[in-house]
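Here's a quick briefing on a protein model.

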Amino acid sequence: MRLLVTGGAGFIGSALIRHLLATTDWRIDNLDKLTYAATPEALAACEGDTRYRLYRGDIADAAFVRQVIAEAQPDAIMHLAAESHVDRSIDGPAPFITTNILGTFHLLEAALAYWRSLPPERAAFFRFLHVSTDEVFGSLGPDGLFTEATSYDPSSPYSASKASADHLVRAWHRTYGLPVLLTNCSNNYGPFQFPEKLIPLTIIKALSGENLPVYGTGANARDWLHVEDHARALSLVLTNGKPGACYNIGGAAERRNIEVVRAICTLLDEMAPRAAGACHDTLIEFVADRPGHDARYAMDAAKIRAELGWRPSFSFEMGLRATVEWYLAHRDWWQAILGGRYDGGRLGLKGEGP
């Protein structure tokens, strides 16, 4: 099996590559631009593996994408490369349009030409798996779950760009017959997540004794999925999913944001107590809400459970404890990021209006 992963140096992509190298004999090529959010340290253990190779470049560069596919000769492509942070998309949507929409288009065009060039036995085996997000569905009310049939209603430039990419992938299947698979996942967390995201940012700020910003009242709810469970799910979809099908991947761990932050504070009270016994939750500070902030996401993962036998192995409590322990043990990694690529400040303020 020869696999091309786009965005393999990102948070989810690196977890996927680590999982596949550990559990299969596949050869894996990684096409990654190595943007600010890339975590090449997450792949350090893979560098000496002869089955792994990195191509540094941009999926929005059509000629480069064609060159990589021609050289890698993949049996499948797993497309994870994306700009992914909602607040950054509010401040500057252009990179999200370029990478998530135009990049996906160039990748689909190159994949289609390559697939058509394959001999029949290899063409029948080929798959293009596109990894997307629950955010394309917009905001749920107080009840119900997103299913694979939920209508799209994206709220942010990020989710709109991912929705556009999803539609392109489906169109290349329906119009050209490209054997695609789609997944929509809930909020991921775990080791090597870039510090701009809620869980690592809360851990890091709490350890520094800084205020812990919570948008609005903290009532916005998300379904949380450990990144290693997500990697297992993607592997199953690639090998056993039906071409043209879409699968929701969720952790069955819906929590309000304020509950997540307080749970982190409780763990840190145990693992890294503050001076004089002060509780970390006294650092919580409610701030102006994010523009267009969706109220609630919750995933129905019944299809992937029934068809592919996947279930999350991490409870949220177990996964969050392991994540806090990881950030405590890897201070050098995130301190280096705070010293250069990201200072921990709030993003997304340009959407506040006049």
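This is a predicted model: local features need pLDDT of at least 70, side-chain atom pairs count only at pLDDT 80 or more; totals for chains, interfaces and linings use all residues.

Residues are numbered from 1 along each chain as its sequence is written, and side-chain values use heavy atoms, with hydrogens and water left out.

**Two helices that cross**

- Two packed helices are described by the angle between their axes and the distance between the axes.
- Helix α11 (residues 316-329) packs against helix α12 (residues 331-338) at an angle of about 70°, and their axes are 5 Å apart.
- Axes here are lines fitted to C-alpha atoms, for helices over the stretch in contact, with angles running from 0 to 180 degrees between N-to-C directions.
- Helices (H or I, at least four residues) and strands (E, at least two) are DSSP runs, numbered from the N terminus.
- So α11 and α12 are roughly perpendicular to each other (angles under 35 degrees count as roughly parallel, over 145 as roughly antiparallel, 65 to 115 as roughly perpendicular and the rest as oblique).
- On the α11 side, the contact (heavy atoms within 4.5 Å) uses Trp326, Tyr327, Leu328 and Ala329, while α12 brings Arg331, Trp333 and Trp334.
- Sorted by type, the residues of this contact are 6 nonpolar, no polar and 1 charged (Ala, Val, Leu, Ile, Met, Phe, Trp, Tyr, Cys and Pro count as nonpolar, Asp, Glu, Lys and Arg as charged, and the others, Gly among them, as polar).

**Rings meeting rings**

- You'll find 17 aromatic pairs in the structure. Rings of Phe, Tyr and Trp (its six-membered ring) pair if their centres lie within 6.5 Å; planes under 30 degrees apart count as stacked, over 60 as edge-to-face and the rest as tilted.
- Take tyrosine 189 and phenylalanine 316: their ring centres are 5.5 Å apart and their planes sit at 65°, so this pair is edge-to-face.
- That pair links distant parts of the chain, since tyrosine 189 is in strand β7 (residues 187-189) and phenylalanine 316 is in helix α11, 127 residues apart.
- Tyrosine 189 is buried at 1% relative accessible area, and phenylalanine 316 is buried too, at 5% (buried means under 20% relative accessible area, exposed over 50%, partly exposed in between, with a 1.4 Å probe and protein chains only).
- Phenylalanine 192 and tryptophan 333 also make an edge-to-face pair, because their planes are at 85°, with ring centres 5.5 Å apart.
- Phenylalanine 192 is in the loop between β7 and α7 (198-207) and tryptophan 333 is in helix α12, so this pair ties together parts that are 141 residues apart in sequence.
- Phe137, Phe146, Tyr152 and Tyr297 form one aromatic cluster.

**Charges over rings**

- Arginine 222 lies over the face of tyrosine 297, at 3.9 Å from the ring centre.
- Lysine 303 has its charged end over the ring of tyrosine 247, 4.9 Å from the centre.
- A charge sits over a ring if NZ of Lys or CZ of Arg is within 6 Å of the ring centre and within 35 degrees of the ring normal.

**Positive phi without glycine**

- Leucine 34 isn't a glycine, yet its phi is positive, at about 55°. Leucine 34 is in the loop between β2 (27-32) and β3 (52-56), and is partly exposed at 22%.
- Alanine 252 has a positive phi near 55°. Alanine 252 sits in the loop between β10 (246-249) and β11 (254-256), and is exposed at 73%.

- Histidine 226 is in strand β9 (residues 221-226) and is buried at 3%. Leaving aside neighbours within four places in sequence, histidine 226 contacts Tyr189, Gly190, Pro191, Phe314, Gly319 and Thr323.
- Asparagine 30 is in strand β2 and is buried at 0%. Not counting residues up to four places away in sequence, asparagine 30 touches residues including Val5, Gly7, Tyr52 and Arg53.
- Histidine 130 lies in strand β5 (residues 127-133) and is buried at 0%. Histidine 130 and arginine 331 are 201 residues apart along the chain, with 33 Å between their C-alpha atoms.
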